[in-house]
Amino acid sequence: MLSTGRDGHGSPDAPGGPDAPAGPAAAPGQVRRQLPSFLVIGVLSTLFYLALFVALRPVTSSQVANLVALAVSAVANTAANRRFTFGITGSDGAVRHQLQGAVAFLIGLGLSSGALALLGAAVPHASRVVEVTGLVAANGLATVARFVLLKVWVFRKR
């Protein structure tokens, strides 16, 4: 198990550990270390989200299925990124991180709900494949916003 510093961050060897340099000068190296983990977690979270959406869609509207699937996957995504991408262990700040991650969730919800609404207006009886394609595009935009928010606000060095 990783030891945690007084600030609740992981070991000095962890990507966001207490000995990691902070500030703009450290950003490029940190991003190169963090991006692969973020991308793997993002792909897994997206697959989980889309599976939940498709499973819920036959029993509810596209908007409700989107909301539930995105909410469940966003909590898991924030927890995984906290631990694996940004190297933060322990429970200190976990609730705050989830609440801050909720801002990224709302951005994703706005983009995906907007995509579904536009799709519903343009193609009222779109197939699941078309709905999922629209959601993947919206999630692509949300992913960029999520990484930036997680990096510069939620998991920034204090």
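Helix 3 (94–122) and helix 4 (128–154) are roughly antiparallel to each other. Their axes come within 9 Å and cross at roughly 155°. An axis here is a line fitted to C-alpha atoms, for helices over the stretch in contact, and the angle runs from 0 to 180 degrees between N-to-C directions. As for the label, angles over 145 degrees count as roughly antiparallel, under 35 as roughly parallel, 65 to 115 as roughly perpendicular, and the rest as oblique.

The crossing of helix 3 and helix 4 is right-handed. That word applies if the near helix is turned clockwise from the far one by less than a right angle, while anticlockwise makes a crossing left-handed.

## The whole chain

Keep in mind that this is a predicted model: local features need pLDDT of at least 70, side-chain atom pairs count only at pLDDT 80 or more, and totals for chains, interfaces and linings use all residues. Residues are numbered from 1 along each chain as its sequence is written, and side-chain values use heavy atoms, with hydrogens and water left out.

The protein chain has 4 helices and 0 strands, giving the pattern α-α-α-α along the sequence. Helices (H or I, at least four residues) and strands (E, at least two) are DSSP runs, numbered from the N terminus. Of the 158 residues in the protein chain, 39% are buried. Buried means under 20% relative accessible area, exposed means over 50%, and partly exposed is in between (1.4 Å probe, protein chains only).

Now for contacts, meaning heavy atoms within 4.5 Å. Among those in the protein chain with a separation of 6 or more, 69% link residues 24 or more positions apart.

The largest nonpolar core has 12 residues, including Tyr 49, Phe 53, Phe 105 and Leu 135. Helix 1, helix 2, helix 3 and helix 4 each supply at least two residues of this core, and helix 2 gives the most, with 4 residues. A nonpolar core is a set of buried Ala, Val, Leu, Ile, Met, Phe, Trp, Tyr and Cys residues joined through side-chain atoms within 4.5 Å.

Leu 50 is one of the core residues. Leaving out residues up to four places away in sequence, Leu 50 touches Val 132, Leu 135 and Val 136. There's also a second, separate core of 7 residues, with Phe 86, Ile 88, Leu 150 and Val 154 among them.

## A glutamate with two partners

Side chains of opposite charge can pair when their charged atoms come close. A salt bridge is a side-chain nitrogen of Lys or Arg within 4 Å of a carboxyl oxygen of Asp or Glu, and the count comes to 2 salt bridges. One joins Glu 131 to Arg 57, with the closest N and O atoms 3.2 Å apart. Glu 131 lies in helix 4 and Arg 57 in the loop between helix 1 (27–56) and helix 2 (62–85), so the pair ties together parts that are 74 residues apart in sequence. Both residues, Glu 131 and Arg 57, are buried.

Glu 131 also forms a salt bridge with Arg 128 (3.6 Å, N to O). These two sit 3 residues apart in helix 4, so about one helical turn separates Glu 131 and Arg 128. Glu 131 has a relative accessible area of 6%, so it is buried, whereas Arg 128 is partly exposed at 33%. Through shared partners, the salt bridges join Arg 57, Arg 128 and Glu 131 into one network.
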